[in-house]
Amino acid sequence: MNTSIKLEIFYVFLFVYIITFLTGLPSNILALYTFSLKVRRNPAPIDILLLNLTVSDLIFLIFLPFRMYEATNNMEWKLPYFLCPLSGFIFYSTIYISTFVLTAVSVERYLGVAYPIKYKVNRKPIYAVVASVFFWVVSTAHCSIVYIIHSKTPQNYDSNRSVLLCYENFTEDQLKILLPVRLELCLVLFCIPFLICTFCYINFIRILSNLPNISRRRRLRAIGLALGTLVVFMLCFGPYNVSHVVGFVKGRSPEWRVDALLLSTFNACLDPIIFYFSSSAVQKTFTQCFSRTFTKLRLCSFCNPLCPLSCSTTEDSEGSSNVPQ
């Protein structure tokens with residue numbers, strides 16, 4: 001590959017990482033603040049689930065600067081090498097925690113409209129807590145494969161053994177272990193949750209559309225939630241998991257797998273959109289925050305032209321007071 005083309009790809013990676021970090025970090029912090037207050041006051045299953053999704057996104061964003069630094073060095077790993085498997089473990093674990101939580105949210109929404117009375121009686125926060133613990137344990141256990149592969153070859157170099165890489169260029173022994181695990185990840189941690197999520201949201205919208213007393217605003221929120229979740233699944237997680245199947249069939253990682261993995265980073269900045277449609281409290285928090293920020297920007301833009309005038313007026317008054325009488 002041409003060096004200039006390689007550099008352009010590295011810049012694309014860096015650009016995506018920076019955009020994800022700058023948009024995802026503040027919005028997820030706002031969501032964390034909102035859900036923490038709600039869970040503390042009156043915990044509901046949906047709030048517990050979304051709180052876990054927010055925490056997962058924030059952990060991902062905290063480790064994202066390591067990927068930024070890697071991109072600035074042309075994908076050469078120059079940080080302490082123990083951070084390589086750690087960042088990979090966090091990166092992949094948060095992907096599948098997100099798929100689990102988004103699926104649980106879809107099930108919660110579907111049961112709420114399909115069996116409203118029965119679900120309201122049996123809905124308890126402890127179920128969401130147990131489900132969340134299960135999601136974290138299963139996802140992190142599966143993604144511990146990063147450390148298993150790392151133990152086979154402690155340090156990973158390119159084909160010329162001149163550049164230290166992070167979790168690339170696997171040996172035959174590594175691929176014999178890695179490719180079947182990736183296929184399992186695709187089938188168990190992506191395909192099954194995606195099918196459940198699709199079923200729940202299609203029926204959720206269908207039932208909600210037939211309810212006579214539902215308001216237009218609530219119906220639009222429901223459609224936005226469903227579409228947003230399915231877009232995250234298909235756009236962020238779909239290509240990356242398809243690469244698992246292709247890699248298993250071909251017996252090696254496809255070259256475009258890295259590009260597919262890049263799409264998954266958008267999950268951290270798209271999840272707040274799901275929060276917005278899922279919770280009126282998040283809508284209120286976001287609206288208040290944007291309103292205050294916009295008001296301050298307007299005041300600053302209004303006051304700046306007046307600053308020189310006010311300053312000169314102050315200086316004149318000070319100067320006149322110092323003139324001897």
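The paragraphs below go through the salt bridges of this structure one by one. The model is a predicted one, and it holds 3 salt bridges. Side chains of opposite charge can pair when their charged atoms come close.

One of these pairs joins Lys38 and Asp47, whose side chains meet with a distance of 3.2 Å from N to O.

Another salt bridge links Arg67 and Glu70, and here the closest N and O atoms lie 3.5 Å apart. Both residues belong to helix H2, which covers residues 45-72, and because they are 3 residues apart in this helix, about one helical turn separates Glu70 from Arg67. Glu70 and Arg67 are both buried.

There is also a salt bridge between Glu108 and Arg123, with 3.5 Å between the closest N and O atoms. Glu108 sits in helix H3 (residues 83-114), while Arg123 lies in the loop between helix H4 (116-122) and helix H5 (125-143), so this pair ties together parts that are 15 residues apart in sequence. Arg123, at 37% relative accessibility, counts as partly exposed, whereas Glu108, at 7% relative accessibility, counts as buried.

Methods: Residues are numbered from 1 along each chain as its sequence is written. This is a predicted model: local features need pLDDT of at least 70, side-chain atom pairs count only at pLDDT 80 or more; totals for chains, interfaces and linings use all residues. Side-chain values use heavy atoms; hydrogens and water are left out. A salt bridge is a side-chain nitrogen of Lys or Arg within 4 Å of a carboxyl oxygen of Asp or Glu. Helices (H or I, at least four residues) and strands (E, at least two) are DSSP runs, numbered from the N terminus. Buried means under 20% relative accessible area, exposed over 50%, partly exposed in between (1.4 Å probe, protein chains only).
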